[in-house]
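Student: Could you take me through one part of this protein in close detail, saying what is buried there and what it touches? I would like the surroundings of that part as well, and some view of the whole chain at the end.

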Amino acid sequence: MKLAKKITLIVFVLAIIGAVVVYLQYRQILDYAKKPINIVQETIFTVPAGTGRVALEGLLIKEKFIEEGHHFQLLLKARPELAQFKAGTYRLQPNMTVEQLLALISSGKEAQFNIRFIEGNKLSDWSNILRDAPYLEHKTQDATPTELYAMLDFKEGDNLEGWLYPDTYLYTAGTSDVEILKRAYKRMKSTVEDEWKGRDKDLPYKNAYEMLIMASIVEKETGVDNERAQVASVFVNRLKKNMRLQTDPTVIYGLGENYRGKIYRSDLDNYTPYNTYKIDGLPPTPIAMPGLASIKAAAHPAKTDYLYFVADGTGGHTFSRNLNDHNRAVKVYRQIEQKN
């Protein structure tokens, strides 16, 4: 009986010791889970496809996010929901714990990157922005126009200029530039169709494309929102009177790489399809990617009898109904320029 009691006591003590050891080990795992990873600034981390528990630990050690030890694997065994890794590129933050890192990778919530195209950008500007965008897959860089249009399913003609909606686009690592352009094209196409359907009557446009061309000119002529409809009215009034548009941004676009920072008399005298001092009507294509405000202005120009406008020296413009008033406004502007 005494022996049995001793054995029972020994078993009980060993059980207590075992429980304490398990508890202490569990506490160590919990403490490890709450330990911050070794980064001092936001860091982008990529988990390749097929990465398992050992491989992930190796990557984290290689990047010096964690130190070598046995706690990482023990944590994954204790918390199996943290071991459901999903391939992708993730944004790690300072003070993020090991547990939070694993939870992020298991959630599949990849880092979002953004690319911004501003109103008035040209197609060539978009190409440069796409080229420099991080973590973007480049498929269009060496594509011919025909190949690019096929990739986008572009069926609006033979020139993509003007057909991409300026905005900020979010994407995850590995997204292709084609996907970004498709989104921009579809959005612009939808916007133009909607505005064309609701446009004012008696506008001098043959089709929605001519409205888009006008919108691109308005976009390049003013950055003042409450002026856009007035600027559009000037060009609409000129078209109705068969007057040439005589707008400098189209001349600059037509010069391309030959533009020297300012327009010279020789530039105005030189014929290009975009020189609206030489051609009648609208240029053959848009000269930039217009924003929604400019598209709306082209679809709903102000009701005015203005035929001219010139910068007023404060960021806006002075609008005139006749050439005499316009010449006086030009004189005032030149005086302001000389003072500055």
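Tutor: Let us begin with helix H10 (248–255), whose buried residues pack against helix H8 (208–221) and helix H11 (265–269); helices here are DSSP runs of H or I with at least four residues, strands are runs of E with at least two, and both are numbered from the N terminus. The model is a predicted one, in which local features need pLDDT of at least 70 and side-chain atom pairs count only at pLDDT 80 or more, while totals for chains, interfaces and linings use all residues. Residues are numbered from 1 along each chain as its sequence is written, and side-chain values use heavy atoms, with hydrogens and water left out.

The buried residues within H10 are Pro249, Thr250, Val251, Tyr253 and Leu255, where buried means under 20% relative accessible area, exposed means over 50%, and partly exposed lies in between (1.4 Å probe, protein chains only). Just past the end of H10, Gly256 adopts a positive phi of about 60 degrees.

With a relative accessible area of 1%, Thr247 is buried, and its side chain makes a polar contact of 2.5 Å with the side chain of Glu221. A polar contact is a pair of N or O atoms within 3.5 Å; within protein, one must be able to donate a hydrogen and the other to accept it, and residues adjacent in sequence count only if both atoms are side-chain atoms. Once neighbours within four places in sequence are set aside, Thr247 is in contact with Ile217, Glu221, Phe235, Thr276 and Tyr277, contact meaning heavy atoms within 4.5 Å.

Another loop residue is Ser176, placed between strand E4 (168–171) and helix H7 (177–197). Ser176 and Glu137 are 39 residues apart in sequence, yet their C-alpha atoms are 4.3 Å apart in space.

As for the whole chain, it has 13 helices and six strands, and 40% of its 340 residues count as buried. Among contacts between residues at least 6 apart in sequence, 64% join residues at least 24 apart. Along its principal axes the C-alpha trace spans about 125 × 50 × 40 Å.
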